[in-house]
Every structure is written in structure tokens, then in C-alpha cells.
Amino acid sequence: MPHVELDDPCPCGSGETFQDCCLKAREEGAEGAVAAAVDWLLSHHEEACDETLNEDFLGGLEDEHYERLEELPEELAELMTANAFEWLLAEGEIEIDGEPRRAMELVLGPGGPELEEAQRAYLEALGQRGLGLYEVEEAVPGEGLWLEDALGRDQPSRIWVAERMASASLEPGNILATRLLPGDPWESSGALYPFPEELYSPLIQELQDQLAGAETPEQEREAIGVILVDSWLELITAAE
């Protein structure tokens with residue numbers, strides 16, 4: 001997929017620049033969508049959400065690692081919280097009247113929060129994508145990143161991702177897990193799980209081993225997500 005500059009004509013053919021057309025529309029769709037969804041979930045199902053986050057998102061941590069969550073630096077704690085709520089929406093199941101229900105289905109279903117069309121479309125796309133592991137090949141600060149899919153599951157495997165904030169701090173060779181939403185160009189959901197480069201090969205090997213035993217795309221998605229989330233949480237709560 002070609003690299004679209006911010007000032008290039010928008011690929012949709014509107015005649016406007018990309019940053020004033022489709023990129024703007026996409027950002028407006030994402031803006032407030034996750035916050036509105038999370039606020040609704042917590043106001044209607046806070047206890048069930050807390051249980052899911054503790055048992056499923058944080059459930060892979062040993063006790064000593066779990067206790068260190070309270071000692072995380074503020075910036076890292078904020079990233080962990082943002083990742084947790086993004087995971088809850090995209091992956092989480094909460095128990096309602098004794099039955100497991102996907103959090104995203106509750107948000108988008110009858111009685112969910114009032115959402116604009118672009119926000120609903122963004123959340124629908126978010127719920128369809130799993131986490132992936134990527135290597136940064138090139139960063140264009142303020143515009144985006146060229147990422148290489150470590151497992152070759154995305155097509156193409158080398159992807160241009162519109163990402164204004166992370167592109168200012170990431171560098172070639174950096175390793176991260178994120179949830180990419182297909183488009184022209186692709187974009188990150190905002191959840192970021194940075195890994196040191198020395199963990200790249202071991203992570204790929206562990207992911208490949210788990211995928212060998214998966215029988216369905218849903219099992220593959222779940223296996224990848226569990227490994228990446230658990231590995232990152234263990235990393236940030238490891239004793240110095």
C-alpha cells in the first residue's frame with residue numbers, strides 16, 4: 001500500500017488533502033468512541049468489568065508481580081490502564097446474569113451508549129482485530145510508521161500506519177505489540193505494548209509454538225493476545 005503524505009490528495013478522490021479528509025474523519029470517529037464505550041460499561045457493569053480485568057487481563061501475573069502494579073511510574077501506569085480498557089472492549093467477556101457476554105457486543109447492541117456513525121464504525125473495526133507483534137522499520141515523526149508484521153499474518157506484511165503520537169518517539173528496530181485497523185492507510189488502535197529488542201526472537205518462537213496448536217482463527221487470535229499481554233505485564237512488573 002502506498003505511503004500517503006498528510007498533504008497528498010486524499011485516496012478517496014474527494015479533492016481535499018488526506019489530513020483534511022479521510023484522516024480527519026477517522027480521527028473524529030475514534031475520538032471519544034473508546035471513552036464513551038468504557039464509561040457506559042463501567043456505569044452499567046462496573047463490578048463485572050473489574051472482575052474480567054483482574055481475572056483475564058491481569059490474571060497471568062504472579063502475586064509478586066501483581067503487587068508491583070501499584071509501584072509503576074505514572075506514565076507507565078497510564079499506558080497500562082489505557083491498554084487494559086482497550087483490551088476489555090476488543091477482547092473482554094463479562095458475566096451478565098451468569099452468562100458470558102462480549103463487552104463490545106453489549107456496547108454496540110440495544111441499550112448501549114449513544115454513538116455517532118463514525119464512532120460505531122470505529123468500535124466495530126476494533127472488535128474484529130487482534131493484537132499483533134511488529135518491528136518498526138521506519139518512523140516519520142508526526143505522520144506514521146512503517147511496520148513489519150513479525151508473524152506475517154497481515155497482508156501486506158509491511159504496513160504503513162498513520163500514527164501521529166507514537167511516530168515521534170519510536171525508532172527503527174523498536175518492537176511493539178498493537179492492534180492495527182485496516183484502511184488506507186492502516187492505523188493503530190492506540191494500545192501499545194513496547195518490548196526490548198532482545199525479546200523479539202523468544203516472543204516469535206513462543207507465538208509460533210502456540211499457533212501450531214490452534215485449530216481456528218479465534219483460537220489463534222486468543223493465543224496471540226494472551227502471550228503478548230502476559231509477556232508485557234510481566235516485563236513492566238519485573239523486579240529491577
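P156 lies in the loop that runs between β4 (144-149) and β5. In this predicted model, the peptide bond that joins Q155 to P156 is cis, with omega about 0 degrees. P185 is placed in the loop between β6 and β7.

Most residues other than glycine have a negative phi. D97 sits in the loop between β1 (93-96) and β2 (99-102). Its relative accessible area is 78%, and because the cut-off for exposed is over 50%, D97 counts as exposed. The backbone values are collected below.

| Site | Backbone value |
|---|---|
| Q155 to P156 | cis, omega about 0 degrees |

**Strand β7 and its partners**

Strand β7 comprises residues 186-195 and is mostly covered, with 7 of its 10 residues buried. It pairs with β6 (residues 175-181) through 6 bridges, and these two strands run antiparallel. Within that pairing, A177 stands opposite Y193 of β7. Strand β7 also pairs with β5 (residues 158-162), here in parallel and through 2 bridges. A162 has E187 in β7 as its bridge partner. In a regular strand, side chains alternate between the two faces of the sheet.

**Helix α2**

Helix α2 spans residues 33-57, a run of 25 residues. A straight helix would reach 36 Å at 1.5 Å a residue, yet the end C-alpha atoms of α2 are only 21 Å apart. Where does α2 have its kink? The kink is centred on H45 and amounts to about 110 degrees. H45 is itself buried.

Other buried residues of α2 include A33, A37, V38, W40 and L41, together with A48, C49, T52, L53 and F57. An α-helix has 3.6 residues a turn, so residues three or four places apart point the same way.

Key. Residues numbered from 1 in each chain as written. Predicted model: local features only at pLDDT ≥ 70, side-chain atom pairs only at ≥ 80, totals over all residues. Heavy atoms only, no water. Helix = DSSP H or I, 4+ residues; strand = E, 2+ residues; numbered from the N terminus. Expected span 1.5 Å × (residues − 1). Bend = angle between axes of the 7 residues up to and from the residue. Buried < 20%, exposed > 50% of the residue type's maximum accessible area, 1.4 Å probe, protein only. Pairing = 2+ DSSP bridges.
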